[in-house]
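Have the view open as you read.

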Amino acid sequence: MIETSVKNKLLHQWPPKYDKEYIPDLNEKYWYKDIETASREELDEIILFKVQKVMEHAYNHSPFYQRKWNKIGLHPHDIKSLKDFEQVPITTKADIRQDLEENPPFGSNVCVPYSEVHRIHGTSGTTGKPTVFSFGKDDWERIAHQHARIMWSFGMRPSDLVFIASPLSLYIGSWGALIGAERLGAKTFPFGAGQTGQTEKAVSWLKEVKPTVFYGTPSYSLYLAEKAKEQGVDPKEFGFRIMFFSGEPGAGVRSTKRRIEKTYGCICIDSGTMAEATPWMSNTECEHRTGVHLWLDVVYTEVVDKDTKQRVPYGGEGVPVYTPLERTSQPVIRFWSGDLTTWTDEPCPCGRVYPRLPKGIYGRIDDMITVRGVNVYASLVENIVRSIDGLGEEFRLVVTRENIMDEVTVQCETLGTRADGELEVQISRDLKRETGVNFKIKLLPLGTLERTQFKAKRVIDNRDFRS
Ligand SMILES: [Zn+2]
(Lines give C-alpha, C1' and ligand atoms only; values in the text may rest on other atoms or scores of the structure.)
Protein backbone atom coordinates (compact mmCIF):
# COMPACT_ATOMS: atom_id res chain seq x y z
CA MET A 1 0.00 0.00 0.00
CA ILE A 2 1.37 3.42 -0.93
CA GLU A 3 0.49 6.51 1.03
CA THR A 4 0.57 9.29 -1.53
CA SER A 5 2.29 12.55 -0.94
CA VAL A 6 2.94 12.53 2.76
CA LYS A 7 5.23 15.47 2.16
CA ASN A 8 2.35 17.59 0.94
CA LYS A 9 0.25 16.61 3.94
CA LEU A 10 3.01 17.59 6.35
CA LEU A 11 3.03 21.09 4.89
CA HIS A 12 -0.68 21.64 5.45
CA GLN A 13 -1.99 19.51 8.28
CA TRP A 14 -1.09 19.77 11.96
CA PRO A 15 -1.14 17.62 13.96
CA PRO A 16 -0.69 15.22 11.03
CA LYS A 17 -3.15 12.35 10.72
CA TYR A 18 -1.28 9.31 9.44
CA ASP A 19 -2.84 6.26 7.85
CA LYS A 20 -3.02 3.82 10.79
CA GLU A 21 -2.79 0.75 8.57
CA TYR A 22 0.08 1.89 6.34
CA ILE A 23 3.17 -0.31 6.08
CA PRO A 24 5.63 0.00 3.17
CA ASP A 25 6.21 -2.78 0.72
CA LEU A 26 8.57 -5.30 2.40
CA ASN A 27 11.36 -4.65 -0.09
CA GLU A 28 11.09 -0.90 0.29
CA LYS A 29 14.07 0.63 2.05
CA TYR A 30 12.24 3.73 3.28
CA TRP A 31 8.98 4.12 5.20
CA TYR A 32 8.28 7.52 3.58
CA LYS A 33 10.71 7.86 0.72
CA ASP A 34 9.57 11.33 -0.30
CA ILE A 35 10.40 12.78 3.14
CA GLU A 36 13.48 10.73 4.00
CA THR A 37 15.17 11.53 0.68
CA ALA A 38 13.82 15.09 0.32
CA SER A 39 16.25 17.95 -0.28
CA ARG A 40 17.42 19.87 2.77
CA GLU A 41 15.34 22.88 1.65
CA GLU A 42 12.18 20.75 1.44
CA LEU A 43 12.91 19.24 4.85
CA ASP A 44 13.43 22.68 6.38
CA GLU A 45 10.12 23.82 4.95
CA ILE A 46 8.34 20.94 6.71
CA ILE A 47 10.23 21.61 9.95
CA LEU A 48 9.41 25.32 9.93
CA PHE A 49 5.70 24.65 9.36
CA LYS A 50 5.64 22.17 12.25
CA VAL A 51 7.69 24.43 14.54
CA GLN A 52 5.25 27.28 13.97
CA LYS A 53 2.25 25.03 14.59
CA VAL A 54 3.58 23.40 17.75
CA MET A 55 4.54 26.81 19.17
CA GLU A 56 1.12 28.25 18.36
CA HIS A 57 -0.48 25.23 20.01
CA ALA A 58 1.69 25.60 23.12
CA TYR A 59 0.96 29.32 23.30
CA ASN A 60 -2.79 28.77 23.07
CA HIS A 61 -3.03 25.83 25.47
CA SER A 62 -0.09 25.79 27.86
CA PRO A 63 0.00 28.30 30.75
CA PHE A 64 3.63 27.20 31.22
CA TYR A 65 4.70 28.46 27.78
CA GLN A 66 2.38 31.50 27.86
CA ARG A 67 4.13 32.71 31.03
CA LYS A 68 7.57 31.86 29.74
CA TRP A 69 7.13 33.70 26.43
CA ASN A 70 4.97 36.61 27.63
CA LYS A 71 7.71 37.52 30.08
CA ILE A 72 10.04 38.34 27.18
CA GLY A 73 7.35 39.55 24.76
CA LEU A 74 7.70 36.56 22.42
CA HIS A 75 4.76 35.51 20.26
CA PRO A 76 4.80 32.43 17.96
CA HIS A 77 3.99 34.76 15.02
CA ASP A 78 7.50 36.21 15.46
CA ILE A 79 9.03 32.94 14.26
CA LYS A 80 9.31 33.32 10.50
CA SER A 81 12.41 31.19 9.91
CA LEU A 82 14.44 28.46 11.58
CA LYS A 83 17.00 31.16 12.34
CA ASP A 84 14.32 33.07 14.31
CA PHE A 85 13.58 29.86 16.20
CA GLU A 86 17.13 29.90 17.60
CA GLN A 87 16.10 32.90 19.70
CA VAL A 88 13.32 31.00 21.50
CA PRO A 89 14.39 30.38 25.12
CA ILE A 90 15.62 26.94 26.14
CA THR A 91 13.41 24.76 28.38
CA THR A 92 15.35 22.89 31.08
CA LYS A 93 14.60 19.98 33.38
CA ALA A 94 14.75 22.48 36.25
CA ASP A 95 12.00 24.62 34.61
CA ILE A 96 9.78 21.54 34.32
CA ARG A 97 10.47 20.44 37.90
CA GLN A 98 9.70 23.88 39.27
CA ASP A 99 6.43 23.98 37.33
CA LEU A 100 5.47 20.54 38.68
CA GLU A 101 6.17 21.72 42.22
CA GLU A 102 4.10 24.86 41.78
CA ASN A 103 1.26 23.11 39.93
CA PRO A 104 1.00 19.56 41.30
CA PRO A 105 0.59 16.85 40.28
CA PHE A 106 0.84 17.29 36.47
CA GLY A 107 2.19 20.83 36.04
CA SER A 108 0.76 23.64 33.88
CA ASN A 109 2.01 22.31 30.54
CA VAL A 110 -0.68 19.69 29.87
CA CYS A 111 -2.62 20.95 26.87
CA VAL A 112 -5.47 18.44 26.78
CA PRO A 113 -8.28 18.05 29.35
CA TYR A 114 -7.59 15.46 32.05
CA SER A 115 -10.29 13.23 30.54
CA GLU A 116 -8.19 12.92 27.37
CA VAL A 117 -4.99 11.85 29.10
CA HIS A 118 -4.21 8.31 27.96
CA ARG A 119 -0.87 7.42 29.61
CA ILE A 120 1.09 8.75 32.59
CA HIS A 121 4.83 8.12 32.61
CA GLY A 122 7.71 9.59 34.53
CA THR A 123 11.38 9.54 35.37
CA SER A 124 12.68 7.44 38.21
CA GLY A 125 13.74 10.56 40.11
CA THR A 126 17.24 9.34 40.93
CA THR A 127 18.50 12.91 40.71
CA GLY A 128 15.68 14.82 42.39
CA LYS A 129 11.90 14.92 42.27
CA PRO A 130 10.49 12.60 39.60
CA THR A 131 9.15 14.25 36.44
CA VAL A 132 5.65 13.30 35.29
CA PHE A 133 4.60 13.06 31.64
CA SER A 134 1.03 12.97 30.35
CA PHE A 135 0.29 11.65 26.87
CA GLY A 136 -2.99 11.94 24.98
CA LYS A 137 -4.10 8.98 22.87
CA ASP A 138 -3.33 10.70 19.54
CA ASP A 139 0.18 11.55 20.71
CA TRP A 140 0.72 7.97 21.85
CA GLU A 141 -0.30 6.69 18.41
CA ARG A 142 1.93 9.18 16.63
CA ILE A 143 4.88 8.14 18.83
CA ALA A 144 4.24 4.49 17.91
CA HIS A 145 4.04 5.42 14.22
CA GLN A 146 7.29 7.41 14.21
CA HIS A 147 9.13 4.70 16.15
CA ALA A 148 7.94 2.08 13.67
CA ARG A 149 9.12 4.26 10.81
CA ILE A 150 12.56 4.64 12.39
CA MET A 151 12.82 0.91 13.26
CA TRP A 152 12.18 0.21 9.57
CA SER A 153 15.37 2.18 8.73
CA PHE A 154 17.60 -0.31 10.58
CA GLY A 155 15.93 -3.27 8.98
CA MET A 156 13.16 -4.36 11.34
CA ARG A 157 10.24 -5.98 9.52
CA PRO A 158 6.85 -7.45 10.51
CA SER A 159 8.32 -10.97 10.53
CA ASP A 160 10.62 -10.06 13.47
CA LEU A 161 10.09 -11.01 17.12
CA VAL A 162 11.37 -8.32 19.48
CA PHE A 163 12.68 -9.22 22.95
CA ILE A 164 12.32 -6.22 25.28
CA ALA A 165 14.89 -6.62 28.06
CA SER A 166 14.44 -3.43 30.07
CA PRO A 167 12.05 -2.56 32.93
CA LEU A 168 8.39 -2.18 31.93
CA SER A 169 7.74 0.43 34.56
CA LEU A 170 7.73 4.22 34.50
CA TYR A 171 10.72 3.97 32.13
CA ILE A 172 9.47 5.25 28.78
CA GLY A 173 12.27 3.49 26.85
CA SER A 174 10.67 0.05 27.09
CA TRP A 175 7.22 1.32 26.16
CA GLY A 176 8.48 3.32 23.21
CA ALA A 177 10.20 0.21 21.87
CA LEU A 178 7.12 -1.90 22.50
CA ILE A 179 4.54 0.33 20.80
CA GLY A 180 6.84 1.06 17.85
CA ALA A 181 7.38 -2.65 17.23
CA GLU A 182 3.64 -3.27 17.52
CA ARG A 183 2.81 -0.50 15.04
CA LEU A 184 5.35 -1.97 12.63
CA GLY A 185 3.47 -5.24 12.83
CA ALA A 186 6.27 -7.21 14.52
CA LYS A 187 5.69 -9.71 17.31
CA THR A 188 6.83 -8.52 20.75
CA PHE A 189 8.09 -10.33 23.83
CA PRO A 190 8.03 -7.79 26.71
CA PHE A 191 10.29 -9.71 29.06
CA GLY A 192 11.45 -6.84 31.30
CA ALA A 193 14.62 -6.78 33.42
CA GLY A 194 15.87 -6.07 36.90
CA GLN A 195 14.25 -8.77 39.03
CA THR A 196 16.31 -11.33 40.90
CA GLY A 197 17.04 -14.36 38.75
CA GLN A 198 15.49 -12.79 35.67
CA THR A 199 18.69 -12.87 33.60
CA GLU A 200 19.16 -16.63 34.13
CA LYS A 201 15.55 -17.08 33.02
CA ALA A 202 16.19 -14.85 30.00
CA VAL A 203 18.96 -17.19 28.86
CA SER A 204 16.67 -20.23 28.80
CA TRP A 205 13.78 -18.32 27.21
CA LEU A 206 16.03 -16.94 24.49
CA LYS A 207 17.35 -20.41 23.65
CA GLU A 208 13.81 -21.72 23.32
CA VAL A 209 11.93 -18.87 21.69
CA LYS A 210 14.70 -17.39 19.49
CA PRO A 211 13.61 -13.75 19.11
CA THR A 212 15.29 -11.99 16.19
CA VAL A 213 15.58 -8.49 17.71
CA PHE A 214 16.80 -7.35 21.14
CA TYR A 215 16.10 -4.06 22.93
CA GLY A 216 17.74 -2.96 26.20
CA THR A 217 20.82 -1.14 27.48
CA PRO A 218 24.32 -2.00 26.19
CA SER A 219 25.49 -2.77 29.75
CA TYR A 220 22.70 -5.23 30.19
CA SER A 221 23.38 -7.00 26.90
CA LEU A 222 26.99 -7.61 27.96
CA TYR A 223 25.84 -8.83 31.38
CA LEU A 224 23.38 -11.19 29.70
CA ALA A 225 26.19 -12.54 27.49
CA GLU A 226 28.32 -13.23 30.60
CA LYS A 227 25.43 -15.08 32.26
CA ALA A 228 24.84 -17.10 29.10
CA LYS A 229 28.51 -18.12 28.91
CA GLU A 230 28.40 -19.15 32.61
CA GLN A 231 25.62 -21.53 31.63
CA GLY A 232 27.68 -22.85 28.73
CA VAL A 233 25.59 -21.04 26.13
CA ASP A 234 27.20 -19.09 23.28
CA PRO A 235 25.17 -15.85 22.92
CA LYS A 236 25.28 -16.35 19.13
CA GLU A 237 22.94 -19.32 19.63
CA PHE A 238 20.14 -16.86 20.50
CA GLY A 239 20.13 -15.85 16.84
CA PHE A 240 19.58 -12.09 17.22
CA ARG A 241 19.71 -10.36 13.86
CA ILE A 242 19.48 -6.84 15.27
CA MET A 243 20.13 -5.45 18.75
CA PHE A 244 19.08 -1.87 19.40
CA PHE A 245 19.83 0.14 22.47
CA SER A 246 19.02 3.29 24.38
CA GLY A 247 19.47 4.59 27.91
CA GLU A 248 23.27 4.75 27.76
CA PRO A 249 25.88 5.95 25.26
CA GLY A 250 27.57 2.50 24.86
CA ALA A 251 26.08 1.39 21.54
CA GLY A 252 27.59 4.49 19.94
CA VAL A 253 31.05 3.78 21.37
CA ARG A 254 33.00 2.08 18.58
CA SER A 255 34.70 -0.69 20.54
CA THR A 256 31.57 -1.51 22.58
CA LYS A 257 29.58 -1.74 19.35
CA ARG A 258 32.18 -4.14 17.94
CA ARG A 259 32.15 -6.24 21.11
CA ILE A 260 28.36 -6.56 21.05
CA GLU A 261 28.33 -7.41 17.34
CA LYS A 262 31.09 -10.00 17.77
CA THR A 263 29.56 -11.53 20.90
CA TYR A 264 26.08 -11.93 19.44
CA GLY A 265 26.75 -12.06 15.69
CA CYS A 266 24.24 -9.28 15.03
CA ILE A 267 24.15 -5.61 14.05
CA CYS A 268 24.22 -3.17 16.99
CA ILE A 269 22.10 -0.04 16.65
CA ASP A 270 22.47 3.05 18.82
CA SER A 271 19.30 4.99 19.60
CA GLY A 272 17.65 7.43 21.96
CA THR A 273 17.30 11.00 23.13
CA MET A 274 15.56 11.61 26.46
CA ALA A 275 12.21 10.75 28.01
CA GLU A 276 11.18 14.40 27.86
CA ALA A 277 11.84 14.51 24.10
CA THR A 278 9.71 11.45 23.25
CA PRO A 279 9.38 10.14 20.51
CA TRP A 280 12.86 9.34 21.84
CA MET A 281 13.90 7.25 18.80
CA SER A 282 14.37 10.41 16.74
CA ASN A 283 18.14 9.84 17.24
CA THR A 284 18.72 6.40 15.72
CA GLU A 285 21.25 4.71 13.44
CA CYS A 286 20.20 3.25 10.13
CA GLU A 287 21.42 -0.20 9.06
CA HIS A 288 24.74 1.33 7.94
CA ARG A 289 25.62 2.33 11.55
CA THR A 290 27.39 5.58 10.77
CA GLY A 291 26.17 7.32 13.92
CA VAL A 292 22.60 8.25 14.87
CA HIS A 293 20.56 10.11 12.26
CA LEU A 294 18.60 13.10 13.51
CA TRP A 295 15.05 12.54 12.24
CA LEU A 296 14.41 16.26 12.08
CA ASP A 297 10.81 16.18 10.86
CA VAL A 298 9.93 14.09 13.96
CA VAL A 299 11.96 15.97 16.57
CA TYR A 300 13.73 19.12 15.48
CA THR A 301 17.23 18.83 16.94
CA GLU A 302 19.77 21.63 17.11
CA VAL A 303 23.32 21.22 18.41
CA VAL A 304 24.22 24.41 20.29
CA ASP A 305 27.24 25.79 22.11
CA LYS A 306 27.10 24.85 25.78
CA ASP A 307 27.73 28.42 26.93
CA THR A 308 26.33 30.76 24.27
CA LYS A 309 23.42 28.43 23.34
CA GLN A 310 23.98 29.39 19.70
CA ARG A 311 23.86 26.72 17.01
CA VAL A 312 27.32 25.30 16.23
CA PRO A 313 28.33 24.60 12.61
CA TYR A 314 28.53 20.99 11.36
CA GLY A 315 31.75 19.49 12.65
CA GLY A 316 31.52 21.42 15.92
CA GLU A 317 30.87 20.14 19.46
CA GLY A 318 27.78 21.11 21.40
CA VAL A 319 24.65 20.17 23.31
CA PRO A 320 21.58 18.74 21.53
CA VAL A 321 18.40 20.74 22.07
CA TYR A 322 15.16 18.91 21.20
CA THR A 323 11.75 20.06 19.98
CA PRO A 324 9.28 17.21 19.37
CA LEU A 325 7.16 18.43 16.46
CA GLU A 326 3.96 16.42 16.82
CA ARG A 327 3.20 16.44 20.56
CA THR A 328 -0.10 18.11 21.41
CA SER A 329 -0.72 16.88 24.96
CA GLN A 330 2.53 18.10 26.50
CA PRO A 331 4.74 20.00 24.07
CA VAL A 332 8.35 20.78 24.91
CA ILE A 333 10.05 23.52 22.96
CA ARG A 334 13.86 23.61 22.76
CA PHE A 335 14.53 21.13 25.53
CA TRP A 336 18.08 21.26 26.90
CA SER A 337 19.60 17.77 26.99
CA GLY A 338 22.86 18.52 28.82
CA ASP A 339 24.51 15.88 26.58
CA LEU A 340 27.63 16.40 24.49
CA THR A 341 28.09 15.46 20.87
CA THR A 342 29.35 16.56 17.46
CA TRP A 343 27.28 16.56 14.29
CA THR A 344 27.81 16.26 10.55
CA ASP A 345 25.74 16.62 7.39
CA GLU A 346 28.01 14.42 5.29
CA PRO A 347 25.89 11.94 3.31
CA CYS A 348 25.21 8.44 4.64
CA PRO A 349 25.08 5.45 2.23
CA CYS A 350 21.36 5.06 3.12
CA GLY A 351 20.58 8.24 1.18
CA ARG A 352 18.54 9.89 3.94
CA VAL A 353 18.62 13.67 4.24
CA TYR A 354 19.00 13.63 8.03
CA PRO A 355 22.29 14.84 9.58
CA ARG A 356 24.11 12.52 11.96
CA LEU A 357 25.96 12.39 15.26
CA PRO A 358 28.93 10.29 14.05
CA LYS A 359 30.09 9.47 17.59
CA GLY A 360 26.60 9.40 19.11
CA ILE A 361 26.17 11.05 22.50
CA TYR A 362 29.55 10.69 24.17
CA GLY A 363 29.14 12.53 27.41
CA ARG A 364 27.07 14.74 29.63
CA ILE A 365 28.10 18.18 30.75
CA ASP A 366 27.46 17.18 34.34
CA ASP A 367 29.03 13.69 34.08
CA MET A 368 32.14 14.88 32.38
CA ILE A 369 35.04 15.01 34.79
CA THR A 370 37.68 17.65 34.50
CA VAL A 371 41.04 16.38 35.60
CA ARG A 372 43.85 18.90 35.71
CA GLY A 373 42.02 21.02 33.19
CA VAL A 374 41.34 18.17 30.76
CA ASN A 375 37.80 16.96 30.06
CA VAL A 376 37.47 13.19 30.44
CA TYR A 377 34.34 11.27 29.46
CA ALA A 378 33.61 7.77 30.65
CA SER A 379 32.74 6.82 27.06
CA LEU A 380 36.25 7.66 25.88
CA VAL A 381 37.77 5.41 28.53
CA GLU A 382 35.19 2.76 27.64
CA ASN A 383 36.26 2.85 24.01
CA ILE A 384 39.86 2.15 24.99
CA VAL A 385 39.26 -0.45 27.69
CA ARG A 386 36.98 -2.47 25.44
CA SER A 387 39.41 -2.41 22.53
CA ILE A 388 42.20 -4.13 24.51
CA ASP A 389 42.54 -7.90 24.33
CA GLY A 390 42.64 -9.63 27.68
CA LEU A 391 40.25 -7.25 29.50
CA GLY A 392 36.65 -7.92 30.58
CA GLU A 393 33.71 -5.63 29.77
CA GLU A 394 33.39 -3.82 33.08
CA PHE A 395 35.40 -0.85 34.30
CA ARG A 396 35.25 2.09 36.74
CA LEU A 397 36.79 5.53 36.75
CA VAL A 398 37.58 6.63 40.29
CA VAL A 399 38.64 10.23 40.84
CA THR A 400 40.36 11.27 44.05
CA ARG A 401 42.18 14.37 45.16
CA GLU A 402 45.57 13.84 46.77
CA ASN A 403 46.64 17.12 48.39
CA ILE A 404 45.80 19.45 45.50
CA MET A 405 46.34 17.00 42.65
CA ASP A 406 43.54 15.01 41.04
CA GLU A 407 44.23 11.34 40.49
CA VAL A 408 42.14 9.12 38.25
CA THR A 409 42.28 5.40 38.67
CA VAL A 410 40.86 3.17 35.99
CA GLN A 411 39.77 -0.14 37.45
CA CYS A 412 39.31 -2.96 34.99
CA GLU A 413 39.00 -6.70 35.08
CA THR A 414 41.43 -9.14 33.48
CA LEU A 415 40.53 -12.36 31.73
CA GLY A 416 43.85 -13.84 32.90
CA THR A 417 45.08 -14.39 29.34
CA ARG A 418 47.89 -11.81 29.45
CA ALA A 419 50.49 -10.77 32.01
CA ASP A 420 49.29 -7.96 34.31
CA GLY A 421 52.39 -5.81 33.83
CA GLU A 422 52.07 -5.87 30.04
CA LEU A 423 48.34 -5.02 30.23
CA GLU A 424 48.95 -2.10 32.60
CA VAL A 425 51.52 -0.61 30.26
CA GLN A 426 49.19 -0.86 27.27
CA ILE A 427 46.13 0.57 29.04
CA SER A 428 48.08 3.45 30.47
CA ARG A 429 49.76 4.24 27.13
CA ASP A 430 46.48 4.11 25.13
CA LEU A 431 44.67 6.30 27.67
CA LYS A 432 47.48 8.85 27.72
CA ARG A 433 47.50 8.99 23.91
CA GLU A 434 43.74 9.62 23.68
CA THR A 435 43.27 11.98 26.62
CA GLY A 436 46.64 13.46 27.48
CA VAL A 437 46.10 12.43 31.11
CA ASN A 438 48.14 9.96 33.14
CA PHE A 439 45.83 7.41 34.72
CA LYS A 440 46.59 4.98 37.50
CA ILE A 441 45.59 1.45 36.52
CA LYS A 442 44.18 -1.12 38.90
CA LEU A 443 43.60 -4.62 37.56
CA LEU A 444 41.02 -6.80 39.25
CA PRO A 445 39.99 -10.43 38.80
CA LEU A 446 37.03 -11.01 36.43
CA GLY A 447 33.70 -10.56 38.20
CA THR A 448 34.90 -8.15 40.93
CA LEU A 449 33.02 -5.04 39.80
CA GLU A 450 29.27 -4.84 40.27
CA ARG A 451 27.14 -5.62 37.19
CA THR A 452 24.06 -3.67 36.29
CA GLN A 453 20.79 -4.85 34.85
CA PHE A 454 19.95 -1.36 33.70
CA LYS A 455 22.01 1.81 33.37
CA ALA A 456 25.58 1.66 34.63
CA LYS A 457 27.25 4.28 36.82
CA ARG A 458 30.92 4.04 35.98
CA VAL A 459 32.35 7.34 37.17
CA ILE A 460 32.97 7.62 40.88
CA ASP A 461 34.10 11.07 41.93
CA ASN A 462 35.49 11.00 45.45
CA ARG A 463 36.84 14.53 45.38
CA ASP A 464 35.65 16.84 48.10
CA PHE A 465 35.27 20.27 46.54
CA ARG A 466 34.25 21.94 49.80
CA SER A 467 37.77 22.08 51.16
ZN1 LIG B 1 21.96 6.28 7.11
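A residue counts as buried here if 20 or more other C-beta atoms lie within 10 Å of its own. Keep in mind that this is a predicted model.

By that rule, the buried residues of helix 10 are Pro-218, Ser-219, Tyr-220, Ser-221, Leu-222, Tyr-223, Leu-224, Ala-225 and Ala-228. Their packing partners are helix 9 (198-209), strand 5 (213-216), strand 6 (242-245), helix 11 (254-264) and strand 18 (391-402). Just after helix 10 comes Gly-232, with a positive phi of about 75°.Two helix pairs can be set side by side:

| Pair | Angle | Axis separation |
|---|---|---|
| Helix 12 (residues 378-385) and helix 13 (residues 420-435) | about 140° | 10 Å |
| Helix 7 (residues 137-153) and helix 8 (residues 172-184) | about 75° | 7 Å |

The angle in the table makes helix 7 roughly perpendicular to helix 8. On the helix 7 side, the contact includes Ile-143, Ala-144, His-145 and Trp-152, while helix 8 brings residues including Gly-176, Ile-179 and Leu-184. The residues of this contact between helix 7 and helix 8 divide into eight nonpolar, four polar and two charged.

Turning to the other pair, helix 12 and helix 13 cross in a right-handed way. Leu-380, Val-381 and Ile-384 of helix 12 meet Asp-430, Leu-431, Glu-434 and Thr-435 of helix 13. The contact of helix 12 with helix 13 has four nonpolar residues, one polar and two charged.

Note on methods
Residues numbered from 1 in each chain as written. Predicted model: local features only at pLDDT ≥ 70, side-chain atom pairs only at ≥ 80, totals over all residues. Buried ≥ 20, exposed ≤ 12 C-beta atoms within 10 Å, placed from the backbone. Helix = DSSP H or I, 4+ residues; strand = E, 2+ residues; numbered from the N terminus. Contact = placed C-beta atoms within 7 Å. Axes fitted to C-alpha atoms, helices over the stretch in contact; angles between N-to-C directions. Left-handed = near helix turned anticlockwise from the far one by under 90°. Nonpolar A, V, L, I, M, F, W, Y, C, P; charged D, E, K, R; others polar. Parallel < 35°, antiparallel > 145°, perpendicular 65-115°, else oblique.
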